[in-house]
Amino acid sequence: DTSSLLTLIMASELSAKLERQRLSADGVATPAIQRDGPFNPYTAFPEFSRKQIKSYQTMFKTYDTSRDGFLDLMELKLMMEKLGHAQTHAGLKEMIAAVDDDNDGQMSFKEFLMIFKLAASGELKLEGLKEIALATSVDVTKEGVGGAKNFFEAHAKKASSGSAFEEEIKAEQEERKKEAAAAAERKAEFKKKMSSFH
């Protein structure tokens, strides 16, 4: 019976959490989760462009409702529901376990990026994780076949370019300059219109 199995799993998780809280309250040090220094997604995942990583980060932050830097079971549940692919409790736990390198029962941004790395290499097995990876890929219905062609050609060009990050940074800086110039122009136009009222 799956409902009794889920109840048993949830009860064991709750008792483990309560035990950690009790030990902490008693002043007993609980084992800390090992972390390997500061995480830099751009160096850890060089196969992704800055734009891709920012897109993944936006998606991650959208569902990290607690703003703790992790997707827990409930946040992942919300994500899957919003993507139209609701999962069972056991399915969600399996999804987290598939990428949970530090076995903390939640998904860090680094572990979240592993979904896309595994998808790109064709190693992603779980359907739920595949749906997350597909959620950020090109939508041919919106872009059209020509748009999809351009999307993939651009990615191929970036992959062959040795200084893709430098080019992206320069493009971002140019975009910011254009936005600042447009804002200054709008401000000057607004002041000009305001002066006519005085």
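## Packing of helices α3 and α6

The crossing of α3 and α6 is right-handed. The model is a predicted one.

Two packed helices are described by the angle between their axes and the distance between the axes. Here α3, which spans residues 50-63, packs against α6 at an angle of about 120°, and the axes are 11 Å apart. The two helices are therefore oblique to each other.

Several of the contact residues carry aromatic rings. One aromatic cluster is formed by F39, F45, F48, Y56, F60, F109, F112 and F116. Counting ring pairs whose centres lie within 6.5 Å gives nine aromatic pairs. For F112 and F116, the ring centres are 5.3 Å apart and the planes stand at 75°, so this pair is edge-to-face. Both residues belong to helix α6 (residues 109-120), where they are four residues apart, about one turn of the helix.

| Residue | Relative accessible area | Class |
|---|---|---|
| F112 | 0% | buried |
| F116 | 3% | buried |

The class follows from the cut-off: buried means under 20% relative accessible area. F112, at 0%, is therefore buried, and F116, at 3%, is therefore buried as well.

A further ring contact involves a charge. R50 has its charged end over the ring of Y42, 4.8 Å from the ring centre.

Definitions and conventions. Residues numbered from 1 in each chain as written. Predicted model: local features only at pLDDT ≥ 70, side-chain atom pairs only at ≥ 80, totals over all residues. Heavy atoms only, no water. Phe/Tyr/Trp six-rings, centres within 6.5 Å; stacked < 30°, edge-to-face > 60°. Buried < 20%, exposed > 50% of the residue type's maximum accessible area, 1.4 Å probe, protein only. Lys NZ or Arg CZ within 6 Å of the ring centre and 35° of its normal. Axes fitted to C-alpha atoms, helices over the stretch in contact; angles between N-to-C directions. Parallel < 35°, antiparallel > 145°, perpendicular 65-115°, else oblique. Left-handed = near helix turned anticlockwise from the far one by under 90°.
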